[in-house]
Structures are given as C-alpha cells and as structure tokens.
Amino acid sequence: MPVSPPLPPYGAAPPPPPPPPPPRRRLRLVAALSAVLIVVLAGVGLVVVRPGPVAGWLGGGAAPKASAQPPEPDPPAVLAGADPNAPLPTPEGVRAALEPLVRAAALGDRVNVSVADVATGQELYGRGQDDATVPASVTKLATGVAVLAARGPAYRIPTRAVAGAAPGEVVLVGGGDPTLAVDKDGFYQGAARLDDLAGQVRKALGGTAPTKVTVDSSLFSGPVYEPGWDDDIPTGGYGAAITALTTDAARRDPAAARKDFDDNHAAERVPQPDLTAGRHFAKLLGLSGDADEVKRGTAPAASGASAGAAATPGTELGKVESLPMIRLVDIMISDSDNVIAEYLARQVALAKGKPASFVGGAAATDQVLGELGLPADEISLADGSGLSRTNRISPSLLTDLITLAGNGSHPELAAIFGGLPVGGWSGTLDSRYQQAATKAGAGVVRAKTGTLSHVNAIAGLVTTADGRLLTFAVLTDRTPDTLDDTRDALDRISSALAGCGCR
C-alpha cells in the first residue's frame, strides 16, 4: 500500500477505558435478518448464491447449456447462516472480552470501536464510537451502499459512439465505466469491450470510412487526482487519473497485471486514460491511432436520426454497457479496487444531479447516506476509495450502515456482502486469522480492511459461538510501524467476538 510521511507521534500511554455504553438503537430495525442476507452469507466461498431478484440484476435469464462433464460438487459453506434465535450478547460480556484487546500497544493510542447486533441494531460496545477517524479503504463500504441505493444493483454504465460533425468522424463518449476493455484480453472478466463497439460502428457507417476519433470525456469534471492523496499514489500503482473514459482502470498492460494480480495488486497506469482509450478505439476502426487522428472534444447534440439512415452529427452509432452495478461493487470490495471506487462515487454524483467530481461524489454519498437514515454528520469524505487522509468516518456509522444493509429493509443493499473478504479464506483476509489467538475468526469473520501508513481499519460481520450475527468496526489512525502486529491485534478483536457468547 502507499507509504507516506507518518502522522504526529502517538502517545506513550493509552487513555483510560470509557464506561460501558448504555444500549441504544440508532436505527429502527426489523427483528430478524432477511432471507437475502442469510443466503448470501451461506453461499460464500467459491461461488456466491444469488437468490430472488439478484439473478435478475445479473441478467442471467437464459437456461444453462448442457455439458458432457459431470457437475462439480457443491462447495462447502464458509460462513454458516445466522440464527435469529441465538442469544444476544450483553454489553458487559462484550466489554469484558474486548477491553484488554483494544488497548494493545500495536494499535496505537487512538482506537475507536463499535460493535452492534445486526438483528436488533442494539449497540453492544463502544469506545470512541462516534469519533471521526481516518477510515482508509473501509470507505468503500460507504461508497458501495451509496451507489447501490442511488443507481440500483442492475444498473449498467454505457459507453457510446456517435457520429461527429465531420464526415467519417466518430466520437467516443465516456460514461464512466472503469472496467471497459479493449478486447477479450481485458483485466475484468465479462467487461464491455471496445472491439464490440467498433464492430457496431463499422456496421452503422456502412460504406463510410472512419477518418478520425474524437474523445468525449466531459462527463467528469474537476481534478483527475484527489488533492488529499499521498504523493506516491498517482505513480504507485494503486490509483489512477480518474477520467470519464478509460480502459482496464487505466492499466498500461492489463494482461500482465491480471497474471501478477495474486502476488501484487499494483499495476502501472497510463497518465491520460481517455486519450489512450481513444487511440485503441481508432486502431480498432482501422486508423493508425496517431495523435493527429485522436483528440479530445465533445459530441454533437443528438439529431434524433437513426444510424441506419445517414450518420448525421450526433447519431448514435453503437453502445456497450458495463457489468451490472452489483458486480462492480463486488469487485471494488473484494479486490479493494481504488479506481473502481472513484468511478462508482461519480455514479452517485450523477444520480443525484451533482458534478461528477471528487467533491460532487463525496457530497452525493453524504446525501444518500442521510436519506437512508444514517447519521451523515459522522462522515466527511474527500474521495470514494479511502486513499485520502482527509476522509473521516465514525465506527458507529459503519456498524449502522452494515446493519441497514443486512436487516432486510433495503434488500438491494445486501449486495455489499457478496464481495466482503472472508477471514482465512479470501481477498485481503485470505492470509489472516492463521494464528492460534485469531483462529476462531477464520471462516466466521467477513470484513473490509483499510490500510495506509499509520492507519489500519477493519469493519464487517462476525458470527458468535452461539450463532448470533454481529457487526463491528475498529478504526485506528495513529498506529506504530508494526503492520503485521497491528493487523494481528485487529484480528484478535473480531476473533474474540467469534469465540464467545459474551453473556
């Protein structure tokens, strides 16, 4: 992860423990989890079961093709379904289990924690739970909930080609799809492709030969890098210039990045993603892709004419669409994909009529969370990925957010759970929960992590030994230079919840 100058030195001694918090309900919640959440949790592992409307969101209506190969056996469940009748932990029991752990030296002197019951919304433990804290990549949970609420799980981001003002001119109009590929060798499986779009354009133009490509990336505004990002992020491989048109999230060599992904998520990014995409598209249309054939501009206003008649300026020549939003959120969370996160924040802005910029995305996310009944005064964002150190989120907002997504009142929000890494099994948690002190969390903790230098966070779900589903968030932003020890200390907290009834 990006490394940058340290924050002010952390104190030598931790503050005294706070008194146990009174039970509270920050949200009015239903008494039990919906079937959507239970099935999503039960289906974690090699596959994720998508019940009910989720199959429609993915567009998988066609019957499967027959195969001569015998079917593979069903994968074993990684997370058991929650038991709504399991006994509820007591605040005193949770405090006794966690208080010694949250004071670990490896967590530094600023450790803010929230633990709540998902079925009831009751807070079970809090320590600085309402304090604004640097969240790092845990920010993506807020971005995911906001875009699912604003756009819906089935929404697909379009990339269009229209006729330009000059004969043979093709305008490539970016709609903000971060996963758009050049061809079948793209980084993201199943992504929309420029070669498919080029085929549509050639057919629509008939005998007219393309002469140049104009790139319209005007949908996004503002700076392409967030001013609060560390200096090494634009060149470090974890971030990219955010433009309305890009291919493979601006990766210079998507095939090589895909090959190396298991060992290294960083990848070299191109500095001008929109022009790079335009040059690829020009070559697919039979042009050279040279600078004089590919320039930025804006698409003419739509004329209303069909492409089959004459390619008058503004006539749509073709369109491809991204993966559905539910899949984009999955990828963003499971891979902690910073670039996808920034594009999804801009989709929230567009849905709310705000500028598709860092500022607009942050303001729109705040607005959507407020509309969902979450305490929007406990979140202040500068970006959608968590790369900015100026982001602030309280742990209790995160546990409220996770509870809301899991209580059945907004089934579309349950899609955020599909991509959450599983302790000791997948994503950023695949190599964690391996120690004897954290083994109880393996397979029963599902959470999003966040890491910047001197900032470590984790938020998600855990099932207790009695089968009760809890949500937790632990945010620290003054940690020492002991990354492995800090992560182990964080894992001990959720493992303690997994291993006890806490009553």
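Reader: At what angle do the axes of helix α5 and helix α8 cross?
Author: This is a predicted model. In it, helix α5 spans residues 194-205 and helix α8 spans residues 273-284. Their axes come within 9 Å, and they cross at roughly 50°.

Reader: Is the crossing of α5 and α8 left-handed or right-handed?
Author: Residues of α5, including Leu194, Leu197 and Val201, meet residues of α8, including Ala277, Phe281 and Leu284. The crossing of these two helices is right-handed.

Reader: How many of the 10 residues of α9 are buried?
Author: Buried residues in α9 include Met325, Leu328, Val329 and Ile333. The helix is largely enclosed by the rest of the structure, because the buried residues number eight.

Reader: Which residue just after α9 takes a positive phi?
Author: Helix α9 covers 325-334. Just after this helix, a phi of about 50° is found at serine 336.

Reader: Which residues touch the most other members of the largest nonpolar core?
Author: This core holds 70 residues. Elements that give two or more residues to the core include α4, α9, α12 and β11. The members that touch the most others are Leu141, Val329, Leu401 and Ile416.

Reader: How many residues are in the other core?
Author: Another core lies apart from the largest one. Among its members are Ala106, Phe472, Val474 and Ala489. Its residues number 27.

Reader: Is alanine 459 buried or exposed?
Author: Alanine 459 is found in strand β11. Beyond its neighbours within four places in sequence, its contacts include Val138, Leu141, Leu398 and Phe472. Its relative accessible area is 0%, so alanine 459 is buried.

Reader: How far apart in space are alanine 459 and proline 395?
Author: In sequence, 64 residues separate alanine 459 and proline 395. In space, C-alpha to C-alpha, the distance is 8.1 Å.

Methods:
Residues are numbered from 1 along each chain as its sequence is written. This is a predicted model: local features need pLDDT of at least 70, side-chain atom pairs count only at pLDDT 80 or more; totals for chains, interfaces and linings use all residues. Side-chain values use heavy atoms; hydrogens and water are left out. A nonpolar core is a set of buried Ala, Val, Leu, Ile, Met, Phe, Trp, Tyr and Cys residues joined through side-chain atoms within 4.5 Å. Buried means under 20% relative accessible area, exposed over 50%, partly exposed in between (1.4 Å probe, protein chains only). Helices (H or I, at least four residues) and strands (E, at least two) are DSSP runs, numbered from the N terminus. Axes are lines fitted to C-alpha atoms, for helices over the stretch in contact, and angles run from 0 to 180 degrees between N-to-C directions. A crossing is left-handed if the near helix is turned anticlockwise from the far one by less than a right angle, and right-handed if clockwise. Contact means heavy atoms within 4.5 Å.
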